[in-house]
Amino acid sequence: MSGKKVLTVVGGGASGLVGAVFAKRLLKEKGKVVILERMDRIGKKILATGNGRCNFTNINTSVNNFYGRNADFVEYALKKFNVYDTIDFFECLGIYPKEEENGKMYPYSGQASSVLDALRNEIERLGIEIITGFEVKCVKKTGSGFRITSFSGNTVVSDKVIIAAGGCASPNLGSNGTGFKILSDLGHSVTKLQPALVQLKTEKDMVKGLKGIKFDGKVSIVSGGRILGEEKGEVLFTDYGLSGPPIFQLSVICALHKNCSVILDFVPDLTEKEVYELLLKRKKNLSHLSMENYFVGFLNKRIGNVIAKKSGIEKLSFSVSGLNEEILRRMSKNIKAMTFNIIGKNGWNNAQVTAGGVETAEFDSKTMESNIVKGLYSSGEIFDIFGECGGFNLQWAWSSGALAGICAAKSMMQPAKSY
Ligand SMILES: Cc1cc2nc3c(=O)[nH]c(=O)nc-3n(C[C@H](O)[C@H](O)[C@H](O)COP(=O)(O)OP(=O)(O)OC[C@H]3O[C@@H](n4cnc5c(N)ncnc54)[C@H](O)[C@@H]3O)c2cc1C
């Protein structure tokens, strides 16, 4: 026995890895840091982030980008380990940052794997122990510390523990919700869990024939006649409904409101009047064609066909010369505002994050320590906190992870209230 104090991090994902690094940097030889990971390797989810490019933060991050019963919980951590600290931290590990649209930051290499490699190199340099294939079943408080038991009956004894086991989203990448059970067994409450940042399902006949089409447009979410949110960006039609960054973003609103519809604007840079005038001009220039070719060069051909049908044209063999003012007005309206009723959303397997989680009021936002069990810390998605699409969720994982790691390590060296 070395007699060194031990900090155990449950979960080798974004927040757990950063927490372990910051703890060990402080503890140095005075303490040992162990990461327990249920998968056969750490950081699997990081590899899938940002479509394999890892949108690791966002320059415009603020409290307003987060949701939860008490979203202000993020404020202290985001201030203590902010976006610039994050960029600095990763740059020191070799990740040269690249800013893209709307403040999204990526590694210059364009590879999510480089973010994981950088963290792994630092973990190795610091001598942090990683135990993979260790799925924690329960954490019990003992006299002076904790006893951590795996589903296969192995145990680890630790002075302090950080639970960074993520939520329920994308369980194939590691986080399967066991973290919630661990914390509720320790006396914590878990709010209602829902998949968030996920694709939306529409009535199938609305998207029939559009599968695979992408377009840059404006998306609005409406419920009870009120516009609840609007986003611009690339929308993708799928066989069940709609996907793409603006849909992911607005799926958050669908999680909070009933009977939502999506309104797609296929040409956000034109007004409805301009669209009407354009359609009129096209009628004059293209009167020798059938409707099948009327939209070619203006809209995606298949989108055009759907607009024509929705505007009352039964057969695409209909002659352009037969278009009257009423049909042209209907088509202009549908191009600017085509409505799709939302009948649901995809489930956990497709979700990027978890809405809901461990009750933040039961933790100290200045240390990430539990108010119920002293010496127990948490970080990341396990909390009832999630961010919008655009690098905010990873920023929360890094910020809360760093704060938990620092505070846990400090409390091992001397009793400290906050960082
Ligand atoms: C496909 C996809 C793309 C995304 N892209 C982005 C993006 O570009 N930018 C962004 O900001 N966010 C993105 N996110 C969200 C972001 O990845 C997460 O919010 C973030 O990883 C959460 O970090 P975490 O450490 O809290 O949890 P996780 O990253 O989920 O890590 C939790 C870890 O704990 C382990 N674990 C769970 N239970 C146990 C247990 N009982 N015992 C031991 N180990 C356990 C898991 O295996 C996992 O490794 C994306 C998510 C997905 C699914």
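This is a predicted model: local features need pLDDT of at least 70, side-chain atom pairs count only at pLDDT 80 or more; totals for chains, interfaces and linings use all residues.
Mentor: Local features here need pLDDT of at least 70, side-chain atom pairs count only at pLDDT 80 or more, and totals for chains, interfaces and linings use all residues. Residues are numbered from 1 along each chain as its sequence is written, and side-chain values use heavy atoms, with hydrogens and water left out.

Trainee: What makes residues 301-310 helix α10?

Mentor: Helices are DSSP runs of H or I with at least four residues, numbered from the N terminus. The run 301-310 carries the name α10, and the protein has 12 helices and 21 strands.

Trainee: Which residues of α10 are called buried?

Mentor: Buried means under 20% relative accessible area (1.4 Å probe, protein chains only). In α10 that goes for Ile 303, Gly 304, Asn 305, Val 306, Ile 307 and Ala 308. They pack against β14, β15, α11 and β18.

Trainee: Why are α10 and α11 called oblique?

Mentor: Their axes, lines fitted to C-alpha atoms over the stretch in contact, with angles from 0 to 180 degrees between N-to-C directions, cross at roughly 130°. Under 35 degrees is roughly parallel, over 145 roughly antiparallel, 65 to 115 roughly perpendicular and the rest oblique. So α10 and α11 are oblique to each other.

Trainee: Which residues of α10 and α11 meet?

Mentor: Contact means heavy atoms within 4.5 Å. Ile 307, Ala 308 and Lys 310 in α10 meet Met 331, Asn 334 and Ile 335 in α11.

Trainee: What caps the N-terminal end of α10?

Mentor: Asn 300 does, with a side-chain oxygen 2.8 Å from the backbone nitrogen of Arg 302.

How values were computed: Buried means under 20% relative accessible area, exposed over 50%, partly exposed in between (1.4 Å probe, protein chains only). Helices (H or I, at least four residues) and strands (E, at least two) are DSSP runs, numbered from the N terminus. A polar contact is a pair of N or O atoms within 3.5 Å; within protein, one must be able to donate a hydrogen and the other to accept it, and residues adjacent in sequence count only if both atoms are side-chain atoms.
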